[in-house]
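Here is a note from one colleague to another, written for someone who is new to reading models of this kind. Please keep the sequence and the structure open beside it while you read.

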Amino acid sequence: MNSPVPAGSSTAALGHLALGLTLLAFGIGHTGIIDGVTAADAVAPATYVGGITLFLAGLLALRDRDAFTGTAFAAFGALWFTWGVGADGLVSHNAAGLFLLLFALVALSLTAGAPRDALLIGGAYGLTAVALLLLAVGQFAESGTLAEVGGWFAAVAGLAAWYAATAALAHWPTALPRRAAGRGVTATG
């Protein structure tokens, strides 16, 4: 039988939807899978959906004494807002790489601190950490290939965050069914 899905708070659902949509837009822009769509096209969603909405969701979660979710959303809100308003600025590849590397460390901390019963959220944060690390190294090395691979990781992380939010709202399962101990094992002679 599937594990029940914790309903979670509406703040968490809103935040994970915002994070998922922003990561999808950002990631797809880096992959080049859609002709004419680049990471620069994700500036508006990153600024408003990822930046402002996530930051406000983080403040609401902190007000509700949900330290992990509040920290995660406020930190990612700061990341997306800073990236969104600074995307048109002229910064060096090394400065952009350092920015992404620092936020990869934030995502890694969130991955390590994710509640053990929230594997989907921890996975989304882990994929985000890998995406930001690949994008950072891509900036340092000026490698479009690493940026594209990082974009794919960001898009998959976005799908995981989106699914987590949608599952909480729709009461869908987030865990695979487990076999009971000893079931399915036959004794041989």
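Predicted model: local features only at pLDDT ≥ 70, side-chain atom pairs only at ≥ 80, totals over all residues.

1. Residues are numbered from 1 along each chain as its sequence is written, and side-chain values use heavy atoms, with hydrogens and water left out.

2. The secondary structure of the chain comes to six helices and zero strands, and along the sequence the pattern reads α-α-α-α-α-α. Helices (H or I, at least four residues) and strands (E, at least two) are DSSP runs, numbered from the N terminus. Of the chain's 189 residues, 40% count as buried, where buried means under 20% relative accessible area, exposed over 50% and partly exposed in between, with a 1.4 Å probe and protein chains only. Among contacts (heavy atoms within 4.5 Å) with a separation of 6 or more, 72% join residues 24 or more positions apart.

3. How do H1 and H2 pack? The axes of H1 (residues 10-31) and H2 (residues 43-63) come within 9 Å and cross at roughly 155 degrees, which means that H1 is roughly antiparallel to H2. Axes are lines fitted to C-alpha atoms, for helices over the stretch in contact, and angles run from 0 to 180 degrees between N-to-C directions; under 35 degrees counts as roughly parallel, over 145 as roughly antiparallel, 65 to 115 as roughly perpendicular and the rest as oblique. The residues of this contact divide into 11 nonpolar, five polar and no charged, where Ala, Val, Leu, Ile, Met, Phe, Trp, Tyr, Cys and Pro count as nonpolar, Asp, Glu, Lys and Arg as charged, and the others, Gly among them, as polar.

4. H4 and H5 pack at an angle of about 160 degrees with their axes 8 Å apart, and H4 is therefore roughly antiparallel to H5. By class, their contact has 16 nonpolar, eight polar and no charged residues.

5. The largest nonpolar core has 37 residues, of which Leu19, Leu54, Phe76, Trp80, Trp83 and Tyr125 touch the most other members. A nonpolar core is a set of buried Ala, Val, Leu, Ile, Met, Phe, Trp, Tyr and Cys residues joined through side-chain atoms within 4.5 Å. Two or more residues come from each of H1, H2, H3 (67-86), H4 (93-113), H5 (119-141) and H6 (144-170), and H5 gives the most, with eight residues. Leaving aside neighbours within four places in sequence, Leu19 is in contact with Leu54, Phe76, Trp80, Tyr125 and Ala161.

6. Is threonine 128 buried or exposed? Threonine 128, placed in helix H5, is buried, with a relative accessible area of 1%. Not counting residues up to four places away in sequence, threonine 128 touches Leu23, Phe76, Ala107 and Ala157.

7. Most residues other than glycine have a negative phi. Arginine 65, in the loop between H2 and H3, has a positive phi of about 65 degrees although it is not a glycine, and is exposed with a relative accessible area of 77%. Glutamate 142, in the loop between H5 and H6, has a positive phi near 55 degrees and is exposed with a relative accessible area of 58%.
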